[in-house]
Amino acid sequence: MTDIIKVEQLCKKFKIKKDSSGLKSFFKPEYKTVNAVDKISFSIKKGERVAFIGPNGAGKSTTIKMLSSILYPTSGHAEVFGLIPWENRRTLSKHIGTVFGQRSQLWYNLPVQDSFNLLGKIYDLDEIKFKRRLSKLVKLFEIRDLLSHPTCSLSLGQRMRCEIVASLIHNPEILFLDEPTIGLDVTAKEIIRTLIKKQALEEETTLLLTSHDTDDMEKVCDRVIIINKGKLIFNDSIQALKDSYLSKKYIEVTTEDGEKIRQEINTHQIPIKKAIDDLVKRYHVSDITVENPPMEEIIKEIYKRD
Amino acid sequence: MIKAWNKYFALYKISFKQAWYNKANLSGLLFFLFILIFIYNRLWEVIGIQTGEQGINSTFIWYLLFAEAIILSSPKIERTFFDDIRSGTMAYYINKPISFFLMRYTEALGNMSVCFCLLVGFGSLATLFFTGQPPFKIEHFPLITLMCFLSACLNTLLFAAIGLCGLWLHSIRTLSMAIERLAFIFGGAIFPLTIYPQWFVDIAKWTPFYSIYYQTIKLVYDFSWTNLGEVILLNGFWSLLFISFITYAYSKLNKKVNVYGG
């Protein structure tokens, strides 16, 4: 299969004004340079679902913004759909969809349906095709009841479902998702992950998803790229990451007395089912959660092994 | 080509529809205009009696009505642009097949149209009630209204250009405040420039406010096809100048937006 995204030695530096007061800084301000993305290279094939993960400030969002033609890089080369993103904004916009978890592309005071109609006009969609496409997405993302509500009255989870529909309305081949589950509760996160994956599988959409939640990548993607301090430190399948670094799990048990017990297990040594069974036998359990190690711990582990 | 403009027309329609939802704002505007007409009418009536110029209040109140319609209907577009640039919001629209500038400008025009139509409609009835006979021929009313509406569009374009200065300035508050005050003074927004000394009018002629406000609104009491032509020419000139600046600033912004959007 052909590469739909190609990135070679991509760099992005930000010049940030140093926080200084006084007359000197007024006439001669001082700047410091921050390497947000530092010579990263990778490629993504058509239909792949790739997680782009890393801790806060790692450079995930900056990379996704360069690939989705929002930002100009400082140096390096990238091609999306055979086009240089920052030089072909208009042409590329018809092939890509973007979802930014912390920003909305829907009109705040308008009913969701009106926002979709406007987006249909913005993308110059044919009226009949637009209606057919919207109807399919509305059914897939189960948002029929939300269409008449103004965006401002939706919950974060509901809004995110509508945001994803908005970004898919023009049937893009590539979907960039920047922290789509940020701020959502466990149930809403699960719904969003399931729907994103379902849509990608059904329509063979290429996904590039950024997150600092390892569950997002496990449940949605088949490949993972880990980035830290602007540098690419891991680029392999989810299975490879699981085998190497995600064998450790944390089980947290809340007993009926309200006591919390946290246990770390290695799934290579003890299967997760057995570990849970042991805990249930030993305590009167009222609640149980299983967690992956946090991102920072995985990164530490990657560096340690290198 | 027409299809390309459909998206802006759709945005205009939505914004026009949305403006009606803000009933408190619209009522406030009309109430303020009513008070203004009432007070200034009393003022000009007294001046008219003292100077023996009967009907002077009609001329000046109609003038005031159109001046206020242009000023009050103007949306705070400079704030919108400034906030969008500084917060990085703009970055999230530039990868869509639409001009971000035209999108925001069209939205502002939708809002402005509602305010302008209401102010002129309601204000005309109030002015007729207070002053009686207008100083223009009734058949000229649609043309005067149209010219004032176009001036309001140009005024919005001017303030949009100020908003784009957010690219270079950390705050545009002082600049927009200064421009607003200058518009009041050089545009003769409260009193026609005829009451000022000639040297002042000569200076005012070099500013865009002279044609946007005074020249256009003057049609209310001094309508002629020559004056109308002059208004079209002068406003056309300033439009070209503003559009050139906006095109330049916007092209810079498209590349520099990374500073604020990253």
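A:Asp124 is partly exposed, because 15 other C-beta atoms lie within 10 Å, which falls between the 12 or fewer of an exposed residue and the 20 or more of a buried one. Keep in mind as you explore that this is a predicted model.

You can find A:Asp124 in the loop between helix H4 (112–122) and helix H5 (127–140) of chain A. Its backbone deserves a look too: A:Asp124 is not a glycine, yet its phi is positive. Most residues other than glycine have a negative phi.

A:Lys39 also has a positive phi without being a glycine. This residue sits in strand E2 (residues 31–45) of chain A. A:Lys39 counts as partly exposed because it has 14 C-beta neighbours inside 10 Å.

Now move to chain B, where helix H2 (residues 23–51) has 29 residues. From first C-alpha to last, H2(B) reaches 41 Å, close to the 42 Å expected at 1.5 Å a residue. Which residues of H2(B) are buried? They are B:Leu29, B:Leu33, B:Ile37, B:Tyr40, B:Asn41 and B:Trp44. An α-helix has 3.6 residues a turn, so residues three or four places apart point the same way. The cover over the buried residues of H2(B) includes helix H3 (56–73) and helix H5 (100–131) of chain B. Just after H2(B) comes B:Gly52, with a positive phi.

Here are the positive phi values together:

| Residue | Phi |
|---|---|
| A:Lys39 | about 50 degrees |
| A:Asp124 | about 55 degrees |
| B:Gly52 | about 80 degrees |

Note on methods. Residues numbered from 1 in each chain as written. Chains lettered and ligands numbered in written order. Predicted model: local features only at pLDDT ≥ 70, side-chain atom pairs only at ≥ 80, totals over all residues. Helix = DSSP H or I, 4+ residues; strand = E, 2+ residues; numbered from the N terminus. Expected span 1.5 Å × (residues − 1). Contact = placed C-beta atoms within 7 Å.
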